[in-house]
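Please keep the sequence and the structure in view while reading.

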Amino acid sequence: MRSVRGESDILVVGAGAKAAALAAKVHTINSLGLAEISMTAIEKTEPAASWLGRNGMTSGEEPLAIPPIKDVGFPYQSSRQFGELGDRIDAALLPFTWQRFAMERHEYAAWVNSGSPSVMHRDYGEYLGWVLERATEGVTVYDGRVTEVSVAEDRDLWQAEVAERGRPEDPERHRGRALVLTGPGVHRHFPHDPEVESRVFHCDSRREEFVRVPEGEAVEIAIVGGGESALSALVFLRELRPAARIIVYTPTLPLSRGESFLENRVFADPDNVDWEHLDLQTRRDFVKHCDDHLSFVCGRAVHVSLAADGEGAALEFESPSEGMCSQRYDFVVNCTGFDLLRQLRGLFPDAVRDQVEEQCGPLWDAPPQTEVPIGRGLELEGVRPRLHMPGLGGLRQGPGFANLGSLGLLANRVLQPLLSELDPAFAGISETMEDKSLLLD
């Protein structure tokens, strides 16, 4: 039988922003002697891989959509989950702040004096890596790729098969009481014929794949999507192939997240507006209008097939004014976003997928726009062992959980049920503070 490399309270897939927030909080709680929590984060590429510009299409030079002071501890209101212990936890988190990071790089004064401007993704990625290096109490970052996730025979633990870099033929097994899936996921399904595969790129395509686009030729490229991935693709392709003609297709109006008091308040503390009890359409509209993306009105892509000349791609799209249309391009880039459920489906064997759906209802084949049942701990409701998917918590639990808007609250929500199990004192505090938080203005 395959040996078990380690067993943790929390098993995290990915070592990005959400993992860094969890690691900082676990380190702090352990250092204060409030509990003994073990956490293992498994990262296939490098910590903060999505931010540094060395992986996928993003360059790392894109501006961060939020101010970096919304760091791994923000909004520093742990007393709402843990009472007086929360104040101690927040105070002990100060060595992990963005300000401390900038001070260590001797950049803090210059940043403040210049008006605290936006920073680049790469800067934030370096900050996240800095956090993960310092969060050591009970925290392990393991270098490997999760190939399969299943439930242990006693059904109390998740177990992940992990292929270590350089040794893919000899995977190891890691176990955890709770599983946290982070990262962007894999690209959303994009309908296209197999014959045109070589002319279709995706938002998680690596930069070296784009050498297929001829250099110095006036090729035509369609980018489908109006968010951050589409913007990154546009900037990257404009620099890589300046002679290319690029057209962006997106179905929605240009909307980007604002920095108003109301929006920031809801991102940092959704209980302020009793988020869970708002009607579904109100929550969906708020998430849509406060997304960190910029869009352009062009049309809704439907399908890509091989062009009639056999040398290009025919993009079928629905125009608001002309109905169904088709246009020939040399290449098409799918930037319609990422899909966490699709990533999970790829990791779970059929039997595990069936077991999960028996507990929480249909997921992978549910009708479009179906709300995923995400509980207050950012877990799939009813699933045991607990399966936390913070990236899907935006609609049900509050928009800040799907991005960087409330990393500290995210960590509290994920850790809360575990702490209640580890220490009865936490259970009593949590129940009391949860009741009070729902009444706060």
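Q: Which helices each supply at least two residues of the lining of the largest cavity?
A: This model is predicted. In it, the lining of the largest cavity includes Arg80 and Gln81, as well as Gly408, Leu409 and Asn412. The helices that each supply at least two residues of this lining are H3 (79-82) and H14 (407-422).

Q: Which element gives the most to the lining of the largest cavity?
A: Among the lining residues are Gly408, Leu409 and Asn412. With three residues, the element that gives the most is H14.

Q: How many cavities of 30 Å³ or more are there, and about how much space lies in the largest cavity?
A: The count of cavities of 30 Å³ or more comes to two. The space in the largest cavity is about 60 Å³.

Q: How do the residues of the lining of the largest cavity divide into nonpolar, polar and charged?
A: The lining includes Pro75, Tyr76, Gln77, Ser78 and Asp269. The division is three nonpolar, six polar and two charged.

Q: Which strands are the edge strands of the open sheet of four strands?
A: Strands of a sheet pair through backbone hydrogen bonds, either parallel or antiparallel. In this open sheet the order is E7-E13-E8-E9, and the pairing is parallel. A strand that pairs on one side only is an edge strand, and the edge strands here are E7 (200-202) and E9 (245-249).

Q: By what angle are neighbouring strands of this sheet turned against each other on average?
A: The sheet has the order E7-E13-E8-E9. With direction ignored, the average angle between its neighbouring strands is 20°.

Q: Which residue in E13 stands opposite Ile223?
A: Strand E8 (residues 220-224) runs parallel to strand E13 (residues 331-334), and four bridges join the two. The residue in E13 that stands opposite Ile223 is Val333.

Q: With which side chain does the side chain of Glu172 make a polar contact?
A: Glu172 lies in strand E5 (residues 167-181). Glu172 counts as buried because its relative accessibility is 13%. At 2.4 Å, the polar contact of its side chain is with the side chain of Tyr142.

Conventions. Residues numbered from 1 in each chain as written. Predicted model: local features only at pLDDT ≥ 70, side-chain atom pairs only at ≥ 80, totals over all residues. Heavy atoms only, no water. 1 Å grid on protein atoms, 1.4 Å probe; cavity = no way out; pocket = protein on both sides within 12 Å on 5 of 7 lines; lining within 4 Å. Points joined across faces, edges and corners; volume = space filled by probe spheres on them. Nonpolar A, V, L, I, M, F, W, Y, C, P; charged D, E, K, R; others polar. Pairing = 2+ DSSP bridges. Axes fitted to C-alpha atoms, helices over the stretch in contact; angles between N-to-C directions. Buried < 20%, exposed > 50% of the residue type's maximum accessible area, 1.4 Å probe, protein only. Polar contact = N/O pair within 3.5 Å; in protein donor to acceptor, adjacent residues only side chain to side chain.
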